[in-house]
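I'm opening my notebook on this one and looking things up step by step. Here is what I wrote down as I went.

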Amino acid sequence: VPKAPKKVLVIGCGAGATAGAVSIDENVETLVIAEIEPLVPRVVSEHFGEHNFHVVRNPKTQVVIDDARHFLLTTEERFDAITSDPLDPWVKGAATLYTKEFFELAKSKLNPGGTVTLFVQLYESTPEAVKSEIGTFFEVFPNGVIWGNTHQGRGYDTVLMGTVEPPHFNVDEWEARLNSPQYAPVKDSLREISIYSATDLFANYAGRASDMKAYLADAQINRDRDLRLQYLAGLGLNLYQSGPIYADILKHKKYPEGLFSGSPETLQRLRDAISSAPGGDPQ
């Protein structure tokens, strides 16, 4: 996991929230947004600037109007981090950003120590679609980690993190970073979603690839040649099973020995926080 990512690619502009969160990290010198619809960055800049730190107008930001796959296939650039937040996978064409081949392409564009993150929604989805997304990602990133997000104590969506080498986080170092003056905007942004410390942040741990083999035993891998996910995801339209889906994921969660380091006191607090994190209620 890059401690000081200098060059980041954000796939999909949307409202600019993800790119905006990246932009306030002072280590980031270049932020590339790959967006297929030219109108989106312009509208976002005009109407959502106060919510995304005016990321489109930030001098470090480069907006590339292109299909993300075409951009990655044709660029010679490499990145310290690539984050992908596509449309719902049942939207025509979106499933191409969840295929094994696409994840392999993104992986090939990482600098040493780089990270790929992927948004996976649990709402308006099915267990089969979620398993397909996670299983496909973990085929390319066998050191992958799931980070959960809950709403009113129940599962809502997740972020998958993939690295070439096994990831590691020193929780005390991250706490010091969040408390440093240059990270004040980051800490303020996290506070808006009730994350007040590094322990709160990492308590969202929901599992890693090595512990999810039983859960993913029947996962249908999404490939370019079949786009299986597009059909699986279509069955989840207007279906709200995010709570049960997340609870099923958490059944396989174990405390990740070796993923975190820090003082004994810090690690005990984190262990307690992970074990008591909400989201396991299937109702």
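**Notebook: the sheet and what packs on it**

I started with a strand pair and found that Leu118 has Leu160 in β7 as its bridge partner. I'm keeping in mind that this is a predicted model.

Next I looked up the strands around that pair. β5 covers residues 110-121 and β7 covers residues 154-163, and they pair in the antiparallel sense over 7 bridges.

Then I wanted the whole sheet: in what order do its strands come? I got an open sheet of 8 strands, ordered β3-β2-β1-β4-β5-β7-β6-β9, with mixed pairing. β3 (61-65) and β9 (205-208) are at the edges and have a single partner strand each, so one side of each has no neighbour in the sheet.

I moved on to β4. Is it mostly covered or mostly open? Covered: 6 of its 6 residues are buried. On one side, β4 runs parallel to β1, joined by 4 bridges, and Val10 stands opposite Thr83 in β4. β4 also runs parallel to β5, this time with 5 bridges, and there Ala81 has Thr115 in β5 as its bridge partner.

Another helix I looked up was α10 (residues 242-250), where 7 of the 9 residues are buried. Which ones are they? My list reads Ser242, Gly243, Ile245, Tyr246, Ala247, Ile249 and Leu250. The cover over them includes α5 (127-140), β6 (145-151), β7 and β9.

Last stop, the surface. Leu39, Val43 and Phe48 make a nonpolar patch of about 220 Å². Val43 sits in helix α2 (residues 39-47). Buried means under 20% relative accessible area and exposed means over 50%, so Val43 at 32% counts as partly exposed.

I also checked Glu37, in the loop between β2 (30-35) and α2. Glu37 has a relative accessible area of 38%, so I filed it as partly exposed too.

Definitions and conventions: Residues numbered from 1 in each chain as written. Predicted model: local features only at pLDDT ≥ 70, side-chain atom pairs only at ≥ 80, totals over all residues. Heavy atoms only, no water. Pairing = 2+ DSSP bridges. Helix = DSSP H or I, 4+ residues; strand = E, 2+ residues; numbered from the N terminus. Patch = residues over 30% accessible without salt bridge, like charges linked within 9 Å, V, L, I, M, F, W, Y side chains within 5 Å. Areas by Shrake-Rupley, 256 points an atom, 1.4 Å probe, with all protein chains shown as cover. Salt bridge = Lys/Arg side-chain N within 4 Å of Asp/Glu carboxyl O. Buried < 20%, exposed > 50% of the residue type's maximum accessible area, 1.4 Å probe, protein only. Contact = heavy atoms within 4.5 Å.
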